[in-house]
Amino acid sequence: MKKFLLGFATGVVVLMLGVVGYLELGLADVRADAIPSAFASRWMFSSVHASITRSVPADLKNPQPPDDDALIAGGKLYLNDCVGCHGAPGKPPSDFGATFYPPAPQLARDGTQYSEPQIFWIAKHGIRRTGMSAQASSYSDQKLWLLAGFISRITSLPPQVQAGLEEKAGAQK
Amino acid sequence: MKTLLLGFVAAFVVLPLAVLGYFRLGLAGVQSDATPPAWESQLMRSAVHASIRRSAAAIQAPPADNVEDAMVQGGKLYLNGCAGCHGEPGKPGEDLDHYPRVPQLPQSGTQYSEPELYWIVKHGIRHTAMSADGPFYSEKQLWAIANFLRRINNLPPGVLDRIQAKQSPGGSNN
């Protein structure tokens, strides 16, 4: 048993030295425009997802379930500040969002699997080691909920909301 | 001896599984407005440095016709495309919203060489907010940006004025 433990401890030390050595020798590719192995990206993605599921309090809820006006207001915020990376509804995906690794998800095209409270949390706190920044210093909680309400319905907006957004966009020209 | 080896092999199975489990259970924090432990950021920072040093080792800066003109061209490109995150010369900036934090270059300067800066702008840095901007610039422009960045906190006199000078309404002044 003693020998087993000694072997185990040696194994742990060798593994950790191996990892640190690999990193410090510069052998880990850091280019954002090269695609990492499918294993690495899948593993990262599910880790982030698991962490967000765990971090967002179960009782977090939008204090005001959005009506059409709130969806339009959230959409306006989205069109001002998020489209640059996450893509605009009805437009081709963002070229700029694709230049990051991990690439910015194209929300307008693909929607999102995250729930409204999870979107609120992500927008507020950001995601470490991605291009997603914490927005708490730019937006009040109330505005973040408007955004979350809009983004969680971004691929299935009621026609009157879409029309309202287009009107607003038209009026700005 | 056999037991020793068995223990050694067991470590190679248990440790990766433990790491995988730790992440899969969502125990690794992901919010970018919190600060991870110092050992983690130090390890990651030096891994990035080492990787960039290795990747850019064979690249050499092409000779510029006029270094100061290139610096001015790079500075103008910087104000348009980079200053939004990396800070404007002469204005104090701080980033607390991304992790890793975006370096505020006009204050901090950079320890990277010109070829390394060229490489970073072109390819971006994975798992940071640094995008790969190669598709948006010509090679000459990338080198001009690198040239400017190398000296961003130590510009020759007069260069910043030329960079910040508004172009005349008729277009260029050359």
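Phe12(B) is partly exposed, with a relative accessible area of 34%, where buried denotes under 20% relative accessible area, exposed over 50% and partly exposed the range in between (1.4 Å probe, protein chains only). Phe8(B) falls into the partly exposed class at 26% relative accessibility. Both residues belong to helix H1 of chain B and are four residues apart, about one turn of the helix; helices (H or I, at least four residues) and strands (E, at least two) are DSSP runs numbered from the N terminus. The model is predicted, so that local features need pLDDT of at least 70 and side-chain atom pairs count only at pLDDT 80 or more, whereas totals for chains, interfaces and linings use all residues. Residues are numbered from 1 along each chain as its sequence is written, chains are lettered from A and ligands numbered from 1 in the order in which they are written, and side-chain values use heavy atoms, with hydrogens and water left out.

A pair of aromatic rings is described by the distance of the centres and the angle of the planes. Rings of Phe, Tyr and Trp (its six-membered ring) pair if their centres lie within 6.5 Å, planes under 30 degrees apart counting as stacked, over 60 as edge-to-face and the rest as tilted. By this rule, there are 10 aromatic pairs over all chains. Phe8(B) and Phe12(B) form a tilted pair, at 5.2 Å centre to centre and with 40° between the planes. Tyr118(B) and Trp143(B), by contrast, form a stacked pair with 4.1 Å centre to centre and 5° between the planes. This second pair links distant parts of the chain, with Tyr118(B) in helix H6 (residues 114–123) of chain B and Trp143(B) in helix H7 (residues 139–150) of chain B, 25 residues apart. Tyr118(B) is buried at 7% relative accessibility, and Trp143(B) is buried with a relative accessible area of 12%. Ring pairs also join Phe39(A), Trp43(A), Tyr22(B) and Phe23(B) into a cluster.

Contacts between the chains involve the H1 helices. The axes of helix H1 (residues 2–24) of chain A and helix H1 (residues 2–24) of chain B come within 6 Å and cross at roughly 45°; axes are lines fitted to C-alpha atoms, for helices over the stretch in contact, and angles run from 0 to 180 degrees between N-to-C directions. H1(A) is therefore oblique to H1(B), given that angles under 35 degrees count as roughly parallel, over 145 as roughly antiparallel, 65 to 115 as roughly perpendicular and the rest as oblique. The crossing of H1(A) with H1(B) is right-handed, that is, the near helix is turned clockwise from the far one by less than a right angle, anticlockwise being left-handed. The residues of this contact divide into 16 nonpolar, five polar and one charged, where Ala, Val, Leu, Ile, Met, Phe, Trp, Tyr, Cys and Pro count as nonpolar, Asp, Glu, Lys and Arg as charged, and the others, Gly among them, as polar.

H1(B) also meets helix H2 of chain A, their axes coming within 7 Å and crossing at roughly 50°. H2(A) and H1(B) are therefore oblique to each other. Trp43(A), Ser46(A), Ser47(A) and Ala50(A) of H2(A) make this contact (heavy atoms within 4.5 Å) with Val19(B), Leu20(B), Phe23(B) and Arg24(B) of H1(B). Five nonpolar, two polar and one charged residue take part. Ser47(A), located in helix H2 of chain A, is buried with a relative accessible area of 6%. Not counting residues up to four places away in sequence, Ser47(A) touches Phe23(B), Arg24(B) and Gly26(B).

Within chain A, helix H6 (residues 116–125) is mostly covered, with eight of its 10 residues buried. The buried residues of H6(A) pack against helix H2 (38–55) and helix H7 (141–152) of chain A. Among them is Glu116(A), buried at 15% relative accessibility. Leaving aside neighbours within four places in sequence, the contacts of Glu116(A) include Asn62(A), Pro66(A), Trp145(A) and Arg153(A). Just after H6(A), Gly126(A) takes a positive phi of about 75°.

In chain B, helix H3 (residues 67–81) packs with H7(B) at an angle of about 95°, the axes lying 7 Å apart. H3(B) is therefore roughly perpendicular to H7(B). The residues of this contact divide into nine nonpolar, five polar and one charged.
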